[in-house]
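Please read these notes with the model open beside you.

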Amino acid sequence: MKVLVPVKRVLDYNVKPRVKADGTGVDLSNVKMSMNPFDEIAIEEAVRLKEKGAATEVVVVTIGVAKAESDVLLTARAMGADRAILIQTDEEVEPLAVAKLLKAVAAEEQPGLIILGKQAIDDDSNQTGQMLAALLGWAQGTFASAVEIAGDRVKVTREVDGGLETVDLKLPAIVTTDLRLNEPRYATLPNIMKAKSKPLLKKTVADYGVDASPRLKTLKVVEPAKRTAGVKVADVDALVGKLKELGVAA
Ligand code: AMP
């Protein structure tokens, strides 16, 4: 069984986002970009399935800028993915268009399982996996904290309010990863060197005949309100007094 893992190149989670002066979006010039953390978990899970013998090949795909070839797609292959597909575009592609492109990739690659991150940390959409499942007509197990393949089915344990839910899906299926699914391995330097010779296929959005034009218009992006400085109080009585003043204690 082939496993397809879509990965997104996002602003590194350690970088404090700066909003562009004209308020049209986050400034991505000269900042560190990395693989979306939930997608690292997706690759780790796919590689573990291959190591256990449940998968035969792990293919990663990204829709994004050319630079992805030498960072996120290289990291993905160094972590254990067998080959990579870059669908190159300099435009921002919304989740619906990403899902349509991934549907086209799935038609070509015929994976038995597609593992995505539950959300990309830049836009926090949490939409692509669900939309892809709908477009393909496949079952989906979202927010997975455990994945177990048994024959032509996959058991997915999901983190839901107040506990864990286990669903049993027929393959091919869609899984989206939650934080506790696994701890991704590091891409070591020797593996990064070796990954350079693993195959990479370069495509464009036009190759798939998908209309990736935006459907949404961003009206404005603003930075969160600055926190005002706190006040030190001498003791508990002073604290309760302050809280009463603010109307948060009776
Ligand atoms: P989102 O719906 O944008 O929060 O993204 C959820 C997941 O969809 C991500 O964790 C990735 O697995 C996948 N994804 C989103 N955007 C892209 C992209 N541009 N290229 C490849 N995969 C993507």
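The numbered points below take one topic each.

1. **Basis.** This is a predicted model: local features need pLDDT of at least 70, side-chain atom pairs count only at pLDDT 80 or more, and totals for chains, interfaces and linings use all residues. Residues are numbered from 1 along each chain as its sequence is written, and side-chain values use heavy atoms, with hydrogens and water left out.

2. **Overall build.** The chain has 6 helices and 11 strands. These are DSSP runs numbered from the N terminus: helices are H or I with at least four residues, strands are E with at least two. Along the principal axes, the C-alpha atoms fill a box of roughly 65 × 45 × 40 Å. Of the 250 residues, 42% are buried. Buried means under 20% relative accessible area, exposed over 50%, and partly exposed in between (1.4 Å probe, protein chains only).

3. **Ligand shell.** The ligand has 18 residues around it, and Pro-6, Asp-39, Ala-120, Asn-126 and Thr-128 come nearest. A residue is near a molecule if one of its heavy atoms lies within 4 Å of it. By class, the shell holds 7 nonpolar, 8 polar and 3 charged residues. Here Ala, Val, Leu, Ile, Met, Phe, Trp, Tyr, Cys and Pro count as nonpolar, Asp, Glu, Lys and Arg as charged, and the others, Gly among them, as polar. Strand E4 (57–64) and strand E6 (113–117) each supply at least two shell residues. E4 gives the most, with 3.

4. Which backbones come to 2.8 Å from a ligand oxygen? A polar backbone atom of Ala-120 does. A polar backbone atom of Asn-126 is also 2.8 Å from a ligand oxygen, and so is one of Gln-127. The protein buries 98% of the 490 Å² that the ligand exposes when taken alone. Accessible areas come from the Shrake-Rupley method with a 1.4 Å probe; for residues, only the protein chains shown count as cover.

5. **Second largest pocket.** Its volume is about 600 Å³. The lining has 25 residues, and Tyr-13, Pro-37, Glu-40, Pro-184 and Tyr-186 are the closest to the centre. Strand E2 (9–11), strand E3 (33–35), helix H1 (37–51) and helix H2 (72–79) give two or more residues each. The lining divides into 15 nonpolar, 4 polar and 6 charged residues. A pocket is an open set of points on a 1 Å grid over the protein atoms alone, with protein on both sides within 12 Å along at least five of seven lines; lining residues have an atom within 4 Å of a point. Points are joined across faces, edges and corners, and a volume is the space filled by probe spheres set on them.

6. **Cavity.** The structure holds 1 cavity of 30 Å³ or more. A cavity is a set of grid points where a 1.4 Å probe fits but cannot get out. The largest cavity has a volume of about 50 Å³. Its lining is Glu-94, Leu-96, Ala-97, Lys-100, Asp-211, Ser-213 and Arg-215. That makes 2 nonpolar, 1 polar and 4 charged residues.

7. **Thr-89.** Thr-89 sits in the loop between strand E5 (83–88) and helix H3 (95–109). Is Thr-89 buried or exposed? Thr-89 counts as buried because its relative accessibility is 13%. Its side chain reaches the backbone nitrogen of Glu-91 at 3.0 Å. A polar contact is a pair of N or O atoms within 3.5 Å; within protein, one must be able to donate a hydrogen and the other to accept it, and residues adjacent in sequence count only if both atoms are side-chain atoms.

8. **Ends of H6.** Helix H6 spans residues 236–246, and at its start a side-chain oxygen of Asp-235 reaches to within 3.3 Å of the backbone nitrogen of Asp-237. Gly-247 follows H6 and has a positive phi, near 80 degrees. Ala-250 lies in the segment after H6. Ala-250 is exposed, with a relative accessible area of 97%.

9. **Backbone geometry to check.** The Leu-171 to Pro-172 peptide bond is cis, with omega near 0 degrees. Pro-172 lies in the loop between strand E9 (163–170) and strand E10 (173–177). Asp-124 is not a glycine, yet its phi is positive, near 50 degrees. Asp-124 is in the loop between E6 and helix H4 (128–136). Phe-143, also no glycine, has a positive phi of about 55 degrees, and Phe-143 lies in strand E7 (residues 139–150).
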